[in-house]
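Me: I'd like to go through this structure with you, starting with its charged pairs. Shall we take a look together?

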Amino acid sequence: MIQSPKLSRRARWAIPAGALVITGGVLAGSLITAAQAAPGLPARTAAQLLAEVADSTPPPLTGTVVETASFGLPSLPASGNATSLSSLLTGSHTIRVWYASPGHFRLAVPQSLSESDVIRDGRTAWLWQSTLNKVTKFTLPAHAPEQGSGSVPQQPLTPQQAAQQVLAAVGPTTTVRVNSNVTVAGQAAYALVLAPKDARSLIGQVQIDVDGHNGVPLRLQVFARGASSPAFQVGYTDIAFVKPAAADLSFTPPPGATVTQVNLSDHPAAAKHHARPDVTTIGSGWVTVLELPSSDLTSGPSAPGSGHSPGDDAAVLRTLLAAATPVHGAWGSGRLLRTSLVSVLITDQGHAFVGAVQPSVLYDAAAAQPH
C-alpha cells in the first residue's frame, strides 16, 4: 500500500487506534466522486475482498485524492499551514499522488499560491514547503521501514493507508458484508462494509471501495452510528494506473531555499522519537482508548522541518476546550468534548483520554488509572 511518513503527535491527539486517523476538513462530500449505478463485476465474498485488500500490492499509479471530514466541531481559528491542527481537523485536503513503489513516491498538497510536498527516493526523503521556501532533507537508515521515518511529518493519508488501519480492527468484534458495487474515480469497485458489534463505539460502519481489477482501495468512508452520510472520507477523484514520470519522483531544492539536513541513519532511535512511548493504549479494536498527558496537547517541539507553530495549535485547543462540558465521577473531574465520531476527556489530574467511543468508555479508562 502507499505509505507516507507519520503524523506528529499534535495531529495524532485524536486518533482512535486501529480504527481511524482524523484528518481532512469539513468540505461537503461532493468533491469525492459520487457513486453511480452499480457496475458489473465478478462476485466476491467479504472474506475474498478482505484478503485481497490485505495482500494486494498497488501497481504504479498517479491520481488525485480528496479528504473530507464533518465532525460537528466548533469554528476553529484559521491557519494557512496545511499540517496545522486546525487545517487537519477542519480544512479540506486535495492530495496529488505519484506512486512507483513503497520506497519511491511523491505526495503533494496544493494550496492557494503554495504547495507542500513529501518525496521519498530510496533512503532519501524530502519535505518541501513552498510558502517558506524551506526544505528538509532526511537521510533514512539502510533498513528503514517502507512507510518512512516517524520523524518525518506526514501529508494527509491515502485510501490505501486508511484502509489498512481500519482492517486492523477486523475480527470477532466486527461484522463484514459486501454492498452493491459502486463506481469511484471512473473505476468499477466493490463496496466492503465493516461495522463494530460493540454499541459503545461511535463508529456505525466503515465502507471501503475496492478497485474491481487490482484490489486497490479507492475510497474509504466512516459513518458515525446512525448517520446516513459519512463523517470522514478519503478517496480518489481521478486515478490512472500508469508509472509516474521520473521527473515527478525526483526533487532538487529550488534556488534560495533554506535546506536543513536530518541524518536519521546516524541516530536510528530518532526515527521512533514521535511514536510517543508515554501514550498508553487501553482496550482494543473499535473501543480502543488512548491515554496521554494533557500537556502533550499544548506543548512539546514540532517535528523537524515541519514549520509548525505551537501557538496555532494552542489557539485551536483553547477553542475546543472552551466548547467542552465540565464532568465528574468516581474517576475524578475534568472536561468532555464529544463529536459525532470522537470523544475526548481531559481530567483535572492532567491526563487526556481519546477514542471513537461513548464517554462511559473514557470514564472507565480514567477510573482504572492510578491517581
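This is a predicted model: local features need pLDDT of at least 70, side-chain atom pairs count only at pLDDT 80 or more; totals for chains, interfaces and linings use all residues.

Me: Which residue forms a salt bridge with Asp117?
Reply: The closest N and O atoms of the pair are 2.8 Å apart. Asp117 sits in strand β4 (residues 114-121) and its partner in strand β3 (residues 104-111), eleven residues apart. Both are buried, and the partner of Asp117 is Arg106.

Me: Where do Asp238 and Arg96 lie, and how many residues apart in sequence are the parts they tie together?
Reply: Asp238 forms a salt bridge with Arg96, with 3.9 Å between the closest N and O atoms. Asp238 lies in strand β11 (residues 232-240) and Arg96 in strand β2 (residues 93-101), so the parts tied together are apart in sequence by 142 residues.

Me: Is Asp238 buried or partly exposed?
Reply: Buried would require under 20% relative accessible area, and exposed over 50%. Asp238 has 36% relative accessibility, so Asp238 counts as partly exposed.

Me: Which residue forms a salt bridge with Asp198?
Reply: Asp198 is partly exposed, at 24% relative accessibility. The closest N and O atoms are 2.7 Å apart, and the partner of Asp198 is Arg200.

Me: Why are the buried residues of helix α6 on the same side, and what arc do they cover?
Reply: The buried residues of α6 (residues 359-368) are Pro359, Val361, Leu362, Ala365 and Ala366. They lie on the same side of α6 because the arc they cover around the axis is only 155°.

Notes
Residues are numbered from 1 along each chain as its sequence is written. Side-chain values use heavy atoms; hydrogens and water are left out. Buried means under 20% relative accessible area, exposed over 50%, partly exposed in between (1.4 Å probe, protein chains only). Helices (H or I, at least four residues) and strands (E, at least two) are DSSP runs, numbered from the N terminus. The arc is that of the directions from the helix axis to the C-beta atoms. A salt bridge is a side-chain nitrogen of Lys or Arg within 4 Å of a carboxyl oxygen of Asp or Glu.
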